[in-house]
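Please describe the sheet, the helices and the annotated region of the structure shown here. A short report in running text follows.

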Amino acid sequence: AHTKVWHNYNRNFRPHQKGQLSITLGSHWIEPNRSENTMDILKCQQSIISVLGWFANPIHGDGDYPEVMRKQLPSILPHFSETEKNEVRGTADFFAFSFGPNNFKPHNTMAKLGQNVSLNLRDVLNWIKLEYGNPRILITENGWFTDSHVKTEDTTAIYMMKNFLNQVLQAIKFDEIQVFGYTAWSLLDGFEWQDAYTTRRGLFYVDFNSKQKERKPKSSAHYYRQIIQENGFSVKESTPDVQGTVTGVHQPPLTPNANLSEILHNWNANLPLIYDRCVVSEGLKLNISSMVTLYYPTHAHLGLPAPLLRSGGWLNRSTAEAFQDYADLCFRELGDLVKLWITINEPNRLSDIYEQSSNDTYWAAHHLLIAHALAWHRYDRQYRPAQRGAVSLSLHSDWAEPANPYAASHRKAAERFLQFEIAWFAEPLFKTGDYPLAMREHVAFKNRQGLARSALPQFTEEERRLVKGTADFYALNHFTTRLVMQERQNGSTYDTDRDVQFLQDITCLSSPTRLAVMPWGERRVLQWIRSNYGDMDVYITASGIDDQSLEKDELRKYYLEKYIQEALKAYLIDKIKIKGYYVFKLTEEKSRPRFGFFTPDFKAKSSIQFYNNLISNNGFLSENSGPRCSQTQRNTECIVCLLLVQKKPLIFFGCCFFSTLVLLLSITIFHKQKRRKIWKAKNSQHIPLKKGHNRVLS
């Protein structure tokens with residue numbers, strides 16, 4: 001039937017209509033269970049051929065059914081005569097392809113052959129290219145579906161559309177596949193064949209129960225319109241990369257500082273403070289000043305001394321007083337060498353430990369704030385006048401972006417995440433001395449609705465005065481940007497109090513632990529901090545990503561380049577007072593996510609060279625600027641300087657020894673010359689004079 005229509009058009013209409021004609025073929029895609037197993041690969045090929053190749057091979061191929069099908073179904077599959085083969089072959093002016101939900105949800109009758117059905121549109125386009133000689137391709141149907149109860153907030157459909165379009169774009173740009181058109185399916189919700197009205201596939205929502213059948217644009221319609229307007233994906237990094245160095249700028253911290261290091265001293269560590277003092281002292285000899293973190297709990301370990309753990313840990317107010325005494329000891333023993341202090345690292349992430357109850361989480365956080373404030377006041381009264389240092393705590397500060405930017409509920413959820421994640425600690429310290437109003441109101445609302453049984457602690461007036469203003473700078477750990485959406489759950493844990501859930505964008509570059517690489521989020525969170533808490537000094541105390549590679553860690557290099565660029569833009573363009581940038585981290589542990597520049601056995605990865613060059617150049621060199629000095633010269637200078645610094649005591653001793661030798665030698669020579677003159681003078685008295693001469697004594 002198709003063949004007869006195509007020939008009719010070709011003879012009678014094409015000459016003056018100048019059109020093109022094809023037939024739309026749909027297919028799934030399938031991948032082998034074992035990528036190296038030949039039998040699994042052959043089964044996948046057989047599966048695609050029996051569905052897509054069934055029609056594509058006669059029309060786009062040799063005019064006959066695929067050989068695999070002819071062998072498997074010799075008595076069932078019809079036979080083409082030679083005349084029919086010639087008639088059928090080539091009766092398509094382009095390859096029209098459909099990749100929709102019916103293909104993603106194959107029925108049991110389809111030959112999956114025990115392999116894995118996949119949504120990889122790029123791979124199936126490559127298969128068409130290889131099988132049929134790289135034809136021009138029109139994607140006539142592609143999209144996702146939602147359940148019938150979903151109205152206009154079809155967030156999943158947005159990211160599925162983004163994923164499919166991204167795969168098509170990659171196929172065009174990298175695989176040189178001739179895709180010349182793309183059609184989203186469909187404009188309106190409608191009758192979906194065997195699914196009837198149980199699923200919706202339109203860009204516009206249709207109310208089937210009303211007489212007027214009102215139509216409303218879904219989020220996917222807004223997103224698709226934006227893609228059409230911009231002819232592709234919008235770029236979040238709207239500001240071009242900053243090139244050149246920051247030499248001459250007052251206190252240029254943005255290129256990661258070569259003269260700053262971060263030292264962690266665990267409260268329950270067996271190592272005495274003399275060890276930390278030695279480390280700090282050795283760093284100062286190399287012109288490296290240290291920022292010391294007093295308390296560094298992890299997601300799995302509180303890091304408290306055993307007696308404090310037995311008495312309730314941070315649920316007991318007395319732990320805060322004990323922390324003040326511990327901080328006092330550190331200030332007294334190390335303060336003459338240290339000018340930057342972090343009392344507690346990421347207290348806003350202790351919810352991972354106190355997860356049984358939001359009340360436990362809130363009270364632990366309350367006592368952590370009190371502990372920090374007590375330590376700050378102790379330093380301010382007793383040590384700051386002489387030591388002239390600065391004290392703060394470091395907050396985990398990832399940025400939150402609404403997963404669906406067209407949904408008001410998602411925008412509110414993103415702001416609520418920031419309130420519960422950052423403002424929870426920042427508001428009492430930098431602003432009011434109390435928890436954020438938005439946080440209090442949301443927890444109270446959930447309690448009234450019977451959705452939670454929790455409450456934030458109340459600050460007494462004395463505690464407000466104690467906590468407010470007890471941070472000399474803002475310190476943040478920033479790693480990624482979270483895509484946040486609204487979620488309502490019953491329960492009484494901190495996570496359910498927030499009413500948020502996270503969405504993973506599968507098109508976004510991410511690490512093995514699923515940290516998304518979204519550099520622009522770093523600049524946005526810095527802007528948000530300044531907007532909410534004023535123009536203060538900022539230290540980025542941790543930023544990094546896990547990379548599985550033990551040598552060529554290209555993901556880490558890309559991450560560092562892009563994230564440092566965003567921090568540099570915030571510093572130079574937004575005028576945010578960033579004073580330091582620390583990369584997490586120097587050396588990684590075994591059986592942990594690989595964040596380090598060095599492996600557990602101290603082997604350097606390639607990213608260390610990139611980072612070293614960044615520090616040496618004091619920024620990103622522009623393409624037009626030449627190097628400050630040749631690499632060989634710089635390396636030579638660095639080696640000489642390092643040798644001089646490391647051997648300073650020996651060199652000093654050598655200089656003193658040499659000077660002493662020179663002095664002794666000079667004195668010896670002087671005395672010898674003096675004795676010789678005296679001896680000559682004495683001898684001259686016995687020499688007879690000529691007649692008429694007088695003797696003159698010297």
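UniProt positions are given in the numbering used here, feature names are shortened, and annotations may be inferred rather than shown by experiment. Under "transmembrane region", an unreviewed UniProt entry lists residues 650–670; over this stretch the chain is 100% helix and 0% strand, with end C-alpha atoms 30 Å apart.

The model is predicted, so that local features need pLDDT of at least 70 and side-chain atom pairs count only at pLDDT 80 or more, while totals for chains, interfaces and linings use all residues. Residues are numbered from 1 along each chain as its sequence is written, and side-chain values use heavy atoms, leaving out hydrogens and water.

Helices (H or I, at least four residues) and strands (E, at least two) are DSSP runs numbered from the N terminus, and two strands pair if DSSP finds at least two bridges between them. An open sheet is formed by 4 strands in the order 1-3-5-7, with parallel pairing; its edge strands, each pairing on one side only, are tabulated below.

| Edge strand | Residues |
|---|---|
| strand 1 | 24–26 |
| strand 7 | 179–184 |

Strand 5 (residues 137–142) is joined to strand 7 by 4 bridges, and L138 stands opposite G181 in strand 7.

Helix 14 (residues 408–430) spans only 29 Å between its end C-alpha atoms, whereas a straight helix of 23 residues would span 33 Å at 1.5 Å a residue, the expected span being 1.5 Å times one less than the number of residues. Of its 23 residues, 18 are buried, so helix 14 is largely enclosed by the rest of the structure; buried means under 20% relative accessible area (1.4 Å probe, protein chains only).

Notes: Buried means under 20% relative accessible area, exposed over 50%, partly exposed in between (1.4 Å probe, protein chains only).
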